[in-house]
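Hi,

Here is the structure I promised to pass on.

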Amino acid sequence: SASLHPAPPATFQALSGSHSGLQGRAHCPGGPIHDLKWAPDGSLVAAASAGGGVYVLAPTDNGLVRRHALFGHTAAVRSLDWSDESLLLLRTDQLEGAAPLPAHAALGASERWLLRSANAEGELLVWEVPSGKLRLSSDSSSDGAAGARRVARPVTVRDVVWATCTVPLQWATLGTVGAHAGEGRGLYGGLRLASSVDCSREGDTLAAADVSGSVSLYRFPACNPSA
């Protein structure tokens, strides 16, 4: 008989630029972390796990604390983007699971963010996440959703402006899908999508790379192949 040892938990470390010293460390189950993104207000950092989870951590005086563990992807999570600005609360019927937020969470518009995540198969999920500035009650689980919710109807956030643009499959990158003939299993009739994308700081040019080693530039948003 044989047995496979579970993948060791990935380690996340935060370093201080001014002192070049370790400021905190947290462990995220599920293997390697493929992407890290800070929320625009600096209160949270999201980690994309090879195990299919998205872990949201908050820096505190005692180090890094895991605030949310978000599950729903069917494959390794590869990329993350936070919304550029905080948002008003979405209605309960727009969120997956109708469980109300904890009574202590009197949240305002400046205390909620959207986070989108994409896995290796192109699956895109959107989450509503409380700001790390919100103090959770002692009976809230530090490893559960704790007020974070998956957006059940992504169309409700179609007009959101994102702080970064690194999720390969989204409305603004549809023009990169099928730009080159793919081999084997893929999306959109066997044509592959970009493996990595990023938008210029000016917001007018998109760079996209694929598994063949090609890097292409598009006008942003790249909604069709002629972009």
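**What turned up**

Let's start with Y55: its relative accessibility is 5%, so it counts as buried (that is, under 20% relative accessible area, with exposed being over 50% and partly exposed in between, using a 1.4 Å probe and protein chains only). Before going on, note that this is a predicted model, where local features need pLDDT of at least 70 and side-chain atom pairs count only at pLDDT 80 or more, while totals for chains, interfaces and linings use all residues. Numbering runs from 1 along each chain as its sequence is written, and side-chain values use heavy atoms, with hydrogens and water left out.

Back to Y55. A search of the whole structure gives one aromatic pair (ring centres within 6.5 Å for Phe, Tyr and Trp, the last by its six-membered ring; planes under 30 degrees apart are stacked, over 60 edge-to-face, the rest tilted). The partners are Y55 and F71, with ring centres 5.9 Å apart and planes at 85 degrees, so the pair is edge-to-face. Y55 sits in β5 (residues 53-60) and F71 in β6 (residues 63-71), 16 residues apart. Strands here are DSSP E runs of at least two residues, numbered from the N terminus.

β5 and β6 are antiparallel and joined by eight bridges, with a hairpin of two residues connecting them. For Y55, the bridge partner in β6 is A69. Seven of the nine residues of β6 are buried, so the rest of the structure largely encloses this strand.

Then there is an open sheet of four strands, antiparallel, in the order β7-β8-β9-β10 (two strands pair if DSSP finds at least two bridges between them). β7 (77-82) and β10 (149-150) are at the edges with a single partner strand each, so one side of each has no neighbour in the sheet. Two bridges hold β9 (residues 124-130) to β10, and W127 has R150 as its bridge partner there.

The largest nonpolar core has 17 residues, and L44, V56, L70, L80, W82, L115 and V129 touch the most other members. By core I mean buried Ala, Val, Leu, Ile, Met, Phe, Trp, Tyr and Cys residues joined through side-chain atoms within 4.5 Å. β4 (45-49), β5, β7, β8 (112-119) and β9 each give two or more residues to this core. Leaving aside residues up to four places away in sequence, L80 touches several residues, including A46, V54, L115 and V167 (contact is heavy atoms within 4.5 Å).

Cheers
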